Structure formats: structure tokens, C-alpha cells
Amino acid sequence: MKKSLNDELKTEKRNIEFWVRQWDLRESLIELERHKLDEESTMVKSKKEDALNKIRQLEKELETREELETRQKLELEIEELKWELEVMKKQLEDERDEAVRNVTMEMQQELDDLESLNATLIVKERRSNDELQDARKELIQVVL
């Protein structure tokens, strides 16, 4: 009976260790995703800086040109670049928000699973302890 309980506890311990490894793996994946998002953010910032530099360059060209038609075309291009920049920023925010929501939901599910497993182990431990106490009482009665 003790051996069976020990085997059961060892099995449960391996299960917990498995879940801990899974948790660590998820954390690593989350960190990789966070790193990827940070790289994308850096890329967007670089593109933003390039776009801002291009806007500044276009604005300088506007000052030197006299024709209204050329000026209007450049202003339109500036507005389009600003719009593209805003769209990129919004897309990045949406992607980050979605990634964070997904990761949070996964982590919450894992936490719920671990809490359920923990509750099951506590019940099993109590049952095992009760069984051991009953066996102890029987042995004491047999000896006395």
C-alpha cells in the first residue's frame, strides 16, 4: 500500500514537473514573442524616422519650389506618408494587444489547470494520510 502511494505520489510529482517544464516553455515562447515584437517596434521606429526624415526633406524642397502644382503634390505625399505611419503604428498596437491577450489567456488557462491539479493532489494526499492513520490505528490495536 505504501509502495502504491509512493508510486502515485511519484507519478503526480512527475506530472507537476511536466507542467512546470511546460510553463517554463510557455514563458520562453512568450519572451521570444516579446523580443520579436520589440524588433518589429524597432523596425517601425526606424521606418518612422526614415519617413520623418523624408518628410523633412520634402518640406525643404517645398520651400524652394515656386509652382503651386508641385507644392500640392509634395504636400499630398507628406500626408500619405503620415497616414501610412499612423496605419503602421495602429497595426503594431493591435498586434501587440492581440498577442498580450492571447498570452494572458493561455497563462490563465495554465494557471487554472495547475490550480486544479494542486487541488486534486491535496485531496489525494488527505486520503492517503487518512488511510495511513487508519492503518496505524489498526496496527496499534493489533499490537496492544
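This section describes the fold, core, contacts and salt bridges of a predicted model.

The protein chain contains 2 helices and 0 strands. Helix α1 covers residues 2-64. Helix α2 covers residues 68-143. Along the principal axes, the C-alpha atoms fill a box of roughly 115 × 15 × 15 Å. The radius of gyration of the chain is 32 Å, whereas a compact globule of 144 residues would have a value near 15 Å.

The accessible surface comes to about 11,900 Å². Carbon and sulfur atoms account for 52% of that surface.

The largest nonpolar core consists of 5 residues, namely Ile55, Leu58, Leu74, Ile78 and Leu81. Both α1 and α2 give two or more residues to this core. The largest share, 3 residues, comes from α2. Leucine 81 illustrates the packing. With residues up to four places away in sequence set aside, leucine 81 touches Lys54, Ile55 and Leu58.

Beyond its neighbours within four places in sequence, serine 41 is in contact with Leu92 and Arg96. Tryptophan 23 is also placed in helix α1. Its contacts, not counting residues up to four places away in sequence, are Met107, Glu110, Leu111 and Leu114. For the pair of tryptophan 23 and methionine 107, the C-alpha to C-alpha distance is 8.2 Å. In sequence, these two residues are 84 residues apart.

Charged pairs were considered next. Side chains of opposite charge can pair when their charged atoms come close. The structure holds 11 salt bridges. One of them joins glutamate 110 to arginine 26, with the closest N and O atoms 2.7 Å apart. This pair links distant parts of the chain, since glutamate 110 belongs to helix α2 and arginine 26 to helix α1, 84 residues apart. The two partners were also compared by accessibility. Glutamate 110 has a relative accessibility of 10% and counts as buried. Arginine 26 has a relative accessibility of 33% and counts as partly exposed. Glutamate 110 is also among the contacts of tryptophan 23.

Other salt bridges lie within a single helix. In helix α1, arginine 34 and glutamate 31 meet through their side chains at an N to O distance of 3.1 Å. The two residues are 3 residues apart, so about one helical turn separates them. Arginine 34 is partly exposed, with a relative accessible area of 45%. Glutamate 31 is likewise classed as partly exposed, at 46% relative accessibility.

Lysine 89 is partly exposed, with a relative accessible area of 30%. For glutamate 86, also partly exposed, the relative accessible area is 43%. Elsewhere, salt bridges that share partners join Glu8, Glu12 and Lys124 into one network.

The surface also carries a nonpolar patch, formed by Leu25, Leu29 and Leu32. Together these leucines have about 300 Å² of accessible area. Leucine 29 is found in helix α1. With a relative accessible area of 45%, leucine 29 is partly exposed, because this value falls between the limits of 20% and 50%.

In outline, the model is a chain of 2 helices and 0 strands.

Methods
Residues are numbered from 1 along each chain as its sequence is written. This is a predicted model: local features need pLDDT of at least 70, side-chain atom pairs count only at pLDDT 80 or more; totals for chains, interfaces and linings use all residues. Side-chain values use heavy atoms; hydrogens and water are left out. Patches are made of residues with over 30% relative accessible area and no salt bridge: like charges are joined within 9 Å, nonpolar side chains (Val, Leu, Ile, Met, Phe, Trp, Tyr) within 5 Å. Accessible areas come from the Shrake-Rupley method with a 1.4 Å probe; for residues, only the protein chains shown count as cover. A salt bridge is a side-chain nitrogen of Lys or Arg within 4 Å of a carboxyl oxygen of Asp or Glu. Helices (H or I, at least four residues) and strands (E, at least two) are DSSP runs, numbered from the N terminus. Buried means under 20% relative accessible area, exposed over 50%, partly exposed in between (1.4 Å probe, protein chains only). The radius of gyration is taken over C-alpha atoms; the globule rule is 2.2 Å times the number of residues to the power 0.38. A nonpolar core is a set of buried Ala, Val, Leu, Ile, Met, Phe, Trp, Tyr and Cys residues joined through side-chain atoms within 4.5 Å. Contact means heavy atoms within 4.5 Å.
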